[in-house]
Amino acid sequence: MNWTATFTLLSKEVTRWRKVWMQTVLAPVVTALLYLLVFGHVLEGRVEVFPGVSYTAFLIPGLLMMTVIQNAFANTSSSLIQSKVMGSIVFILLPPFSAFEMFLAYIGAAILRGLAVGVGVFLLAIFYVQVPVENFFVIMAFAILGSYVMGALGLIAGMWAEKFDQIAAFQSFLIVPLTFLSGVFYSIKSLPPIWYQLSKANPFFYMIDGFRYGFFGQSDQPVLLSLGVMLVATAVLTIICVNMLKSGYKLRDA
Amino acid sequence: MNKNDQAQPAISLRGVSKRYGDLQALSDVSFDIKKGEFFGLLGPNGAGKSTLISALAGLLKLNHGSISILGADVEKDYRQARLNLGVVPQEIVMDPFFTVRETLQFQSGYFGLRNNDVWIDELLEQLGLSDKADANMRKLSGGMKRRVLIAQALVHKPQVLVLDEPTAGVDVELRQSMWRFVRRLHREGHTIVLTTHYLEEAEELCDRIAIINKGQLLALETKEDLLARGLGSKLLVKAKNTIKLIPDEYRERIARHEGNEIELTIHRDSDSVMDILDNLRAASIDIDYVSVLSDSLEDVFVRMTGNTEVSQIESNEVQA
Ligand SMILES: Nc1ncnc2c1ncn2[C@@H]1O[C@H](COP(=O)(O)OP(=O)(O)O)[C@@H](O)[C@H]1O
Ligand SMILES: [Mg+2]
């Protein structure tokens with residue numbers, strides 16, 4: 001394990017999004033707040049998901065997590081596709097990185113971007129409505145695991161894609177639908193039974209449900225189940241990513 | 001693995017083959033590049049030079065064969081192999097987010113080096129980039145980007161430096177200073193491997209030259225041997241009057257015929273210049289002046305690869 005190399009790649013990946021923070025941090029924070037204002041305004045008082053929790057308050061963790069994971073995905077996928085299209089990927093392929101070192105660096109940067117965006121949304125949202133924090137560690141655990149999983153998916157998408165629009169397709173046809181159908185805006189308990197069952201098969205649901213538990217101490221599913229699902233997803237995606245990187249899939253044969 | 005062992009080659013290729021679909025980009029290439037050599041890799045466009053360099057750098061998967069850099073296998077011992085090697089890619093690539101210095105600092109870190117600024121400053125100085133250290137990569141001219149690529153290849157002080165057409169599209173002045181620097185690295189003991197389309201560059205710089213075409217190694221010799229290959233040269237004859245009649249036996253050998261000048265292709269081993277001159281005199285050509293023109297590397301190259309469009313290659317490259 002070469003920590004200097006790993007840390008350098010991590011810091012390069014972080015610098016990459018930090019230098020264009022308006023686009024990578026501010027823009028998604030603003031979008032999330034717009035969702036909050038519009039949905040909160042329209043649905044406030046009409047829907048009560050958890051007893052004693054206002055709809056706007058209920059919405060915040062879901063929106064937060066959605067923003068966190070979308071940005072974690074965007075970070076790895078856009079960094080990879082960009083350096084592949086521009087050819088600067090050779091600067092990463094020529095040095096003696098192991099697959100695992102590369103993986104850690106890319107995922108680390110994705111998590112940090114996810115957290116930066118998440119903190120931004122949270123700090124602005126609490127001006128608007130009070131949100132309880134039941135368990136800070138659960139919140140952090142789900143934010144980190146969620147970014148990890150989505151950063152890994154972004155890594156896979158970035159390795160697989162040859163053009164920017166393939167990343168966009170991955171995002172529009174997989175990530176966004178799974179996020180929207182995971183209970184960001186509602187509790188899946190309110191759904192007809194068949195949709196309820198289908199939602200429980202959506203791994204994104206557990207990300208958001210567990211995260212929400214951290215705020216309210218209430219959730220659809222037991223928090224330990226959600227944590228378990230996240231840990232399994234983390235392990236599986238780590239194995240897939242490291243093996244793809246090791247084989248140089250669409251990186252070393254281009 | 002004894003690094004001081006002079007017998008150990010800098011680069012060793014054994015039965016290297018690479019296919020792209022139906023295209024055999026490299027077929028069964030085997031040769032060694034010695035430590036401390038200035039080595040030229042020549043071949044027409046599409047010969048497989050860049051593919052070979054990618055293979056050295058572990059940028060692609062081989063179908064057959066193996067490669068080692070200073071004894072380190074490119075696949076099995078990839079960490080050591082990559083530490084031993086610096087590569088300047090053919091295409092100008094860069095990361096537009098960063099300044100020149102950031103680019104070089106990151107690249108150092110990737111090789112496990114922290115606090116490499118003394119060497120980075122020296123590289124910037126040597127490559128005439130000192131005043132651009134804090135400029136964004138996007139703001140640099142093509143020639144400057146090329147020099148940053150060279151600096152990037154050298155941040156970890158690799159023993160073996162590979163340059164893939166480093167002077168394509170670079171102006172003459174810059175080319176000169178670039179070669180001064182590369183020569184200095186060579187004097188300091190680095191092994192240099194160079195591909196170029198400018199044959200005179202290879203002729204001037206390289207100790208040994210490999211010629212490849214269609215993925216195959218056609219020749220690997222010292223420059224002197226390659227030039228003196230006995231493949232031929234030309235006999236220039238100037239007559240006092242316009243040359244009208246040439247003996248039949250030489251008709252097929254005429255390389256050029258203008259007024260009172262004629263150039264004949266001759267074979268150094270089988271032709272006697274004296275006999276030819278005698279025969280010309282016998283055909284009533286009044287000889288005024290005679291000279292033997294030796295082959296340039298370009299002539300050898302053209303004959304070996306059957307590629308008669310060497311000079312056109314460059315303009316194609318610029319378009320691409
Ligand atoms: N990634 C690739 N996919 C398919 N064909 C390729 C690829 N890279 C190179 N080639 C082909 O392999 C041959 C050798 O290319 P290259 O090594 O770039 O030649 P050179 O550097 O000598 O000009 C060419 O015919 C080229 O078109
Ligand atoms: Mg080439």
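## Chain B as a whole

In this predicted model, chain B contains 11 helices and 14 strands. Of its 320 residues, 38% count as buried. When contacts in chain B between residues at least 6 apart in sequence are considered, 68% of them join residues that are at least 24 apart.

## The six-stranded sheet

An open sheet of six strands in chain B has the order β6-β7-β8-β3-β9-β10, and its pairing is mixed. The strands β6 and β10 (216–222) of chain B stand at the edges with a single partner strand each, so one side of each is left without a neighbour in the sheet. On average, neighbouring strands of this sheet are turned by 15 degrees against each other, if direction is ignored.

Helix α1 (residues 49–56) of chain B packs on this sheet, where it touches β3 (38–42), β6, β7, β8 and β9 (208–213) of chain B, and its direction makes about 150 degrees with that of β7(B).

Strand β7 of chain B, residues 160–164, is mostly covered, since five of its five residues are buried. In a regular strand, side chains alternate between the two faces of the sheet. In β7(B), the residues B:Val160, B:Val162 and B:Asp164 point one way, while B:Leu161 and B:Leu163 point the other way, and all are buried.

Strands of a sheet pair through backbone hydrogen bonds, either parallel or antiparallel. Strand β6 (residues 85–88) of chain B pairs with β7(B) in the parallel sense over four bridges; B:Leu85 stands opposite B:Val160 in β7(B), and B:Val87 has B:Val162 of β7(B) as its bridge partner. Strand β8 (residues 191–195) of chain B also pairs with β7(B) in the parallel sense, over five bridges, and here the bridge partner of B:Asp164 is B:Thr195 in β8(B).

What kind of unit do β7(B), helix α6 (residues 172–187) of chain B and β8(B) make? Together they make a right-handed β-α-β unit. In the loop between β7 and α6 of chain B lies B:Ala168, which counts as buried because 20 other C-beta atoms lie within 10 Å, and 20 or more are required. B:Ala168 and B:His197 are 29 residues apart in sequence, yet their C-alpha atoms are 7.7 Å apart in space.

## Helix α5 against the sheet

Helix α5 of chain B (residues 142–154) has 13 residues, which at 1.5 Å a residue should span 18 Å, and its end C-alpha atoms are 19 Å apart, which agrees. This helix lies across β6 and β7 of chain B and runs at about 170 degrees to β6(B).

The buried residues of α5(B) include B:Arg146, B:Arg147, B:Val148, B:Ala151 and B:Leu154. The buried residues of this helix pack against β6, α3 (100–110), α4 (117–126) and β7 of chain B, and also against α4 (90–93) of chain A.

In soluble globular proteins, nonpolar side chains tend to be buried together. The largest nonpolar core here has 150 residues, and among them B:Leu56, B:Ala151 and B:Val162 touch the most other members. Helix α3 (residues 55–86) of chain A contributes the largest share of this core, with 16 residues.

Leaving aside its neighbours within four places in sequence, B:Ala151 is in contact with B:Leu104, B:Leu123, B:Leu124, B:Leu127 and B:Leu129. A second, separate core of seven residues includes B:Leu235, B:Ile243, B:Leu264 and B:Leu280.

## The four-stranded sheet

Chain B also has an open sheet of four strands, in the order β2-β1-β4-β5, with antiparallel pairing. Its edge strands are β2 (23–33) and β5 (72–73) of chain B, each of which pairs on one side only.

Within this sheet, strand β1 (residues 11–20) and strand β4 (residues 64–69) of chain B run antiparallel and are joined by five bridges, and the bridge partner of B:Ser17 is B:His64 in β4(B). Helix α1(B) lies across β1, β2 and β4 of chain B, running at about 60 degrees to β2(B).

## Where the two chains meet

How many residues does each chain give to the contact? Chain A gives 21 residues and chain B gives 23 residues. On the side of chain A that touches chain B, α1 (3–19) and α4 of chain A each supply at least two residues, and α1(A) gives the most, with seven residues.

Definitions and conventions:
Residues are numbered from 1 along each chain as its sequence is written. Chains are lettered from A and ligands numbered from 1 in the order in which they are written. This is a predicted model: local features need pLDDT of at least 70, side-chain atom pairs count only at pLDDT 80 or more; totals for chains, interfaces and linings use all residues. A residue is buried if 20 or more other C-beta atoms lie within 10 Å of its own, exposed if 12 or fewer, and partly exposed in between; C-beta atoms are placed from the backbone. Two strands pair if DSSP finds at least two bridges between them. A crossover is right-handed if, with the strands pointing away from the viewer, the path from the first strand over the helix to the second runs clockwise. The expected span of a helix is 1.5 Å times one less than its number of residues. Two residues are in contact if their C-beta atoms, placed from the backbone, lie within 7 Å. Axes are lines fitted to C-alpha atoms, for helices over the stretch in contact, and angles run from 0 to 180 degrees between N-to-C directions. A nonpolar core is a set of buried Ala, Val, Leu, Ile, Met, Phe, Trp, Tyr and Cys residues joined through C-beta atoms within 7 Å.
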